[in-house]
Each structure stands twice: as C-alpha cells, then as structure tokens.
Amino acid sequence: MRFASLGSGSKGNCLVAEAAGSRVLIDCGLSPRETARRLGRLGLEPGGLHAILVTHEHDDHAGHAYAFGAQHAIPVHLTHGTRRAQEEARRSADGVELRMIEGREPFAVGAIRVEPFTVPHDAREPVQFVLGDGARRLGVLTDLGASTSHVEKMLSGCDALVLETNHELEMLWASDYPRWLKERISGPFGHLDNVSAERLLAALDRSRLKHVIAAHLSQQNNHADLARAALARALGCSEDWVGVATQEEGFGWRELN
Ligand SMILES: [Zn+2]
Ligand SMILES: [Zn+2]
C-alpha cells in the first residue's frame with residue numbers, strides 16, 4: 001500500500017492511496033485541471049482512479065468532487081448529509097455516479113477496505129477515513145473540532161497517520177480574523193490546533209506507526225516547524241521524522257510495506 005497528497009490546507013485537499021492496483025482519492029478540493037496535473041506529478045492519470053471518497057461538503061474538500069467524478073467517470077462516495085449539502089450548494093451531480101455511505105459502515109473499493117468514522121465538525125454529516133489493504137492501515141483525519149473516544153479507537157494501531165494540525169492557538173487569537181471566525185475555528189466543531197493534535201496522538205496506540213504527517217495547516221496561523229514539533233513531542237521522536245503536507249505540494253509517495 002502507498003499514499004500521497006496532492007495538496008492540503010484551506011485552499012484545497014486531496015489525498016491518493018493505492019493498494020494492489022486499486023486507487024482512491026480522499027476529497028477533491030482542487031480544480032479538475034489542477035487535480036489531474038498533480039496526479040501526473042505522482043505518475044497517475046485520472047482514469048486510473050476507482051473512487052472519490054468525500055469527507056464533507058466544505059469547498060476545500062468537496063468543491064470539485066462532482067466535476068472531477070463526472071469528467072473522468074469516477075464514482076463519488078459520500079454520506080446522505082453531505083449529498084444534501086452538495087445539493088444546497090447547487091453543485092450539479094449530472095453525469096456523476098453517487099454511492100451513499102454510512103458513517104460507521106466499512107466498505108471496499110477493490111483491494112482497499114474503507115472504514116469511515118464520524119467526527120465532530122461544522123458540516124452536515126462529516127466523516128473521515130481509515131484505509132486498509134488487509135495488512136496495513138492508513139488513518140486520515142482532517143477537519144476535527146475535538147477528539148472523541150470513537151476517533152481514538154479508529155486511529156489506534158494504524159501504520160500511518162495523516163493528522164490535522166490546523167493552527168497554533170496563540171497565533172489564531174493574535175491574528176486579524178474576526179472574533180466569530182476565531183471562535184468557530186477553535187471551537188468544538190472547528191479545527192484541531194497543534195496542542196490538541198499532540199494530545200490526540202499521545203492517546204493512541206502508536207506501536208505500529210511508520211509515518212506521521214501533519215496536514216491542513218493554516219497558512220496564516222501556523223508554521224510547519226510548530227506542527228512538526230507538537231507531533232514529535234507526542235511520539236518522543238526527532239522532528240525531522242514527522243512529515244508535513246503543504247498546500248502546493250502535498251507530499252510525495254509514502255510506502256507501507
Ligand atoms: Zn478543510
Ligand atoms: Zn471542513
């Protein structure tokens with residue numbers, strides 16, 4: 001199994017995972033043209049994808065999922081709540097094959113086992129995903145207001161984690177964001193800050209972890225070195241061992257063997 005990110009942050013998220021010839025995207029927040037271009041950077045073509053898994057309706061995750069799915073005949077998997085919100089956002093589902101999923105019911109895309117899990121976030125019916133190939137598990141968690149015991153159970157024992165480190169709390173409060181936005185981002189249905197991500201990671205079974213990547217960093221209210229340092233504290237490892245997903249580059253292929 002291997003995985004890579006096409007980009008991560010409030011301007012668009014997209015991650016690709018592959019196992020035994022099956023390939024899925026998690027989220028499609030970049031334009032179809034940009035998604036195709038960045039897939040090319042990883043040596044992939046849109047036609048080689050078997051599913052788009054959508055976490056929730058926010059633009060940076062679902063903004064282009066229907067358009068990309070329609071253009072390349074890739075089924076889009078999403079919860080009922082996310083589909084309703086997509087309708088309300090007037091995103092056309094013309095020509096898209098929609099597959100409905102439940103927040104706690106695993107399913108398969110070829111060789112990839114997909115375990116969705118429910119999360120607290122200010123969207124209609126948001127989920128995040130653990131992907132597995134029967135031997136290894138990759139946990140992907142962005143857009144989380146606060147951790148829950150369910151989240152911790154799902155992410156425990158993973159071989160790789162992509163974990164939201166959205167902001168440094170002090171930087172957010174010192175920023176020129178309006179107060180309501182600061183409260184939304186740092187609230188229980190907003191985004192995970194560095195210290196909360198550190199605590200979440202420290203609460204997990206980390207015995208199998210070979211890759212940890214900090215993701216969905218705010219370009220205004222975080223620095224890569226702060227995010228990396230927070231996760232390294234939880235792991236008791238050197239900071240260079242923790243990867244960072246960037247908005248422009250994401251991160252390159254990581255192998256799970
Ligand atoms: Zn987001
Ligand atoms: Zn969101």
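Q: What conventions apply to the numbering and the values?
A: Residues are numbered from 1 along each chain as its sequence is written, and chains are lettered from A and ligands numbered from 1 in the order in which they are written. Because this is a predicted model, local features need pLDDT of at least 70 and side-chain atom pairs count only at pLDDT 80 or more, while totals for chains, interfaces and linings use all residues; side-chain values use heavy atoms, with hydrogens and water left out.

Q: How many helices and strands are in the chain?
A: Helices (H or I, at least four residues) and strands (E, at least two) are DSSP runs, numbered from the N terminus. The chain has nine helices and 14 strands.

Q: What radius of gyration does the chain have?
A: The radius is taken over C-alpha atoms, and the globule rule is 2.2 Å times the number of residues to the power 0.38. For 257 residues, a compact globule would be near 18 Å; the chain has 17 Å, which agrees. Along the principal axes, the C-alpha atoms fill a box of roughly 45 × 45 × 35 Å.

Q: What percentage of the residues is buried?
A: Buried means under 20% relative accessible area, exposed over 50%, and partly exposed in between (1.4 Å probe, protein chains only). Buried residues make up 56% of the 257 in the chain.

Q: Which residues coordinate the zinc ion (ligand 1)?
A: Donors are N, O and S atoms within 2.8 Å of the metal (3.2 Å for Na, K and Ca); water is not among the atoms, so sites may look incomplete. Here the zinc ion (ligand 1) is coordinated by Asp60 (OD), His61 (NE2), Asp143 (OD) and His216 (NE2), at 2.1 to 2.4 Å.

Q: Why is the arrangement around the zinc ion (ligand 1) irregular?
A: Ideal angles are 109.5 degrees for four tetrahedral donors. Four donors count as tetrahedral if all angles lie between 85 and 135 degrees; four count as square planar and six as octahedral if opposite donors are over 155 degrees apart and all others between 65 and 115; anything else is irregular. The four donor atoms around the zinc ion (ligand 1) subtend angles of 91 to 158°, which makes the arrangement irregular. Aspartate 60 lies in helix α2 (residues 59-62) and aspartate 143 in the loop between β10 (137-141) and α5 (149-155), so the pair ties together parts 83 residues apart in sequence. Aspartate 60 and aspartate 143 are both buried.

Q: Which donors does the zinc ion (ligand 2) have?
A: His56 (NE2), His58 (ND1), His121 (NE2) and Asp143 (OD) coordinate the zinc ion (ligand 2), at 2.1 to 2.3 Å. The site is irregular too, with angles of 92 to 167° among its four donor atoms. Aspartate 143 bridges both zinc ions, ligand 2 and ligand 1, which lie 3.7 Å apart.

Q: In what order do the strands of the open sheet run?
A: Two strands pair if DSSP finds at least two bridges between them. The open sheet has seven strands in the order β7-β8-β9-β10-β11-β12-β13, with mixed pairing. β7 (107-109) and β13 (243-244) stand at the edges, each with a single partner strand, so one side of each is left without a neighbour in the sheet.

Q: What joins strand β8 to strand β9?
A: Six bridges join β8 (residues 112-118) to β9 (residues 127-132), and the two run antiparallel. Valine 114 stands opposite leucine 131 in β9. Five of the seven residues of β8 are buried, so β8 is largely enclosed by the rest of the structure.
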